[in-house]
Amino acid sequence: MPFRLRAEKALDDPSLQTLFYGPVNLVARNSATSHLEFGLYRNAALSGDLLPALTPVSGKPLHYTLDGTELAPFFAGTEDPTHAYFRRSEPRVVFGTTDSGVANPAKADGTTLLDEIWAGAPFGGKGALVARVRSTVDAWVSAGLLSRADGDKVVSTARAASYVS
């Protein structure tokens, strides 16, 4: 059964999220005493799978690294300090390695432009993603959450970027 990596938001604070690979909750092994910050969308696949953002750890199934921090299954148990929740940090609108230069705006509830775009996944192809970007940008511009100029930059960046399926 193919699994996807997905982030689920905490009910009381959507900027706090946890990662699941299929039904397996992944926790970050890190001694920090505040919430870790991770970005995931920059390498999201057209399927909506966030797994391309992670690097597998050789010889350790279901273990990955993200920005130098090991992620492991919650059930693996350890004496190491762990973080079940992390703070999403997507400061700019980026598709793959193509940066729009536009700040990733957020609504009052913490939902960002990129959250709304990727909520439409899976996409049947690049054209479907670009159409989703265009419709989302248009809604945000109409709501006064994004300028038309910045919205046009986001759409052109989505068109120029390359994606994995």
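## A strand pair and its turn

Two strands are said to pair if DSSP finds at least two bridges between them. In this predicted model, strand 10 (residues 92-95) and strand 11 (residues 98-103) pair in the antiparallel sense, and three bridges join them. Within this pairing, F95 stands opposite T98 in strand 11.

The hairpin formed by strand 10 and strand 11 has two residues between the strands, and in this hairpin G96 takes a positive phi near 65°.

## Two helices in contact

Helix 2, which covers residues 126-142, packs with helix 3, which covers residues 148-160, at an angle of about 170°, and their axes lie 9 Å apart. Angles over 145 degrees count as roughly antiparallel, and helix 2 and helix 3 are therefore roughly antiparallel to each other.

On the side of helix 2, the residues that take part in the contact are K126, V130, V133, R134, V137, D138 and V141. These meet R148, G151, D152, V154, V155, A158, R159 and A160 in helix 3. Sorted by class, the residues of this contact between helix 2 and helix 3 comprise eight that are nonpolar, one that is polar and six that are charged.

## The largest pocket

The largest pocket in the structure has a volume of about 240 Å³. It is lined by 13 residues, of which A7, Y41, L50, W118 and A119 are the closest to its centre. Strand 1 (5-10) and helix 1 (113-118) are the elements that give two or more residues to this lining, and strand 1 gives the most, with three residues.

How many cavities of 30 Å³ or more does a search of the whole structure find? The search finds one, and the volume of the largest cavity is about 40 Å³.

The residues that line the largest cavity are L19, L26, V27, A28, F38, L71, H83, A84, Y85 and F86. Strand 3 (residues 24-29) provides the largest share of this lining, namely three residues.

How values were computed: Residues are numbered from 1 along each chain as its sequence is written. This is a predicted model: local features need pLDDT of at least 70, side-chain atom pairs count only at pLDDT 80 or more; totals for chains, interfaces and linings use all residues. Side-chain values use heavy atoms; hydrogens and water are left out. Axes are lines fitted to C-alpha atoms, for helices over the stretch in contact, and angles run from 0 to 180 degrees between N-to-C directions. Helices (H or I, at least four residues) and strands (E, at least two) are DSSP runs, numbered from the N terminus. Angles under 35 degrees count as roughly parallel, over 145 as roughly antiparallel, 65 to 115 as roughly perpendicular and the rest as oblique. Contact means heavy atoms within 4.5 Å. Ala, Val, Leu, Ile, Met, Phe, Trp, Tyr, Cys and Pro count as nonpolar, Asp, Glu, Lys and Arg as charged, and the others, Gly among them, as polar. On a 1 Å grid over the protein atoms alone, a cavity is a set of points where a 1.4 Å probe fits but cannot get out, and a pocket is an open set with protein on both sides within 12 Å along at least five of seven lines; lining residues have an atom within 4 Å of a point. Grid points are joined across faces, edges and corners, and a volume is the space filled by probe spheres set on the points.
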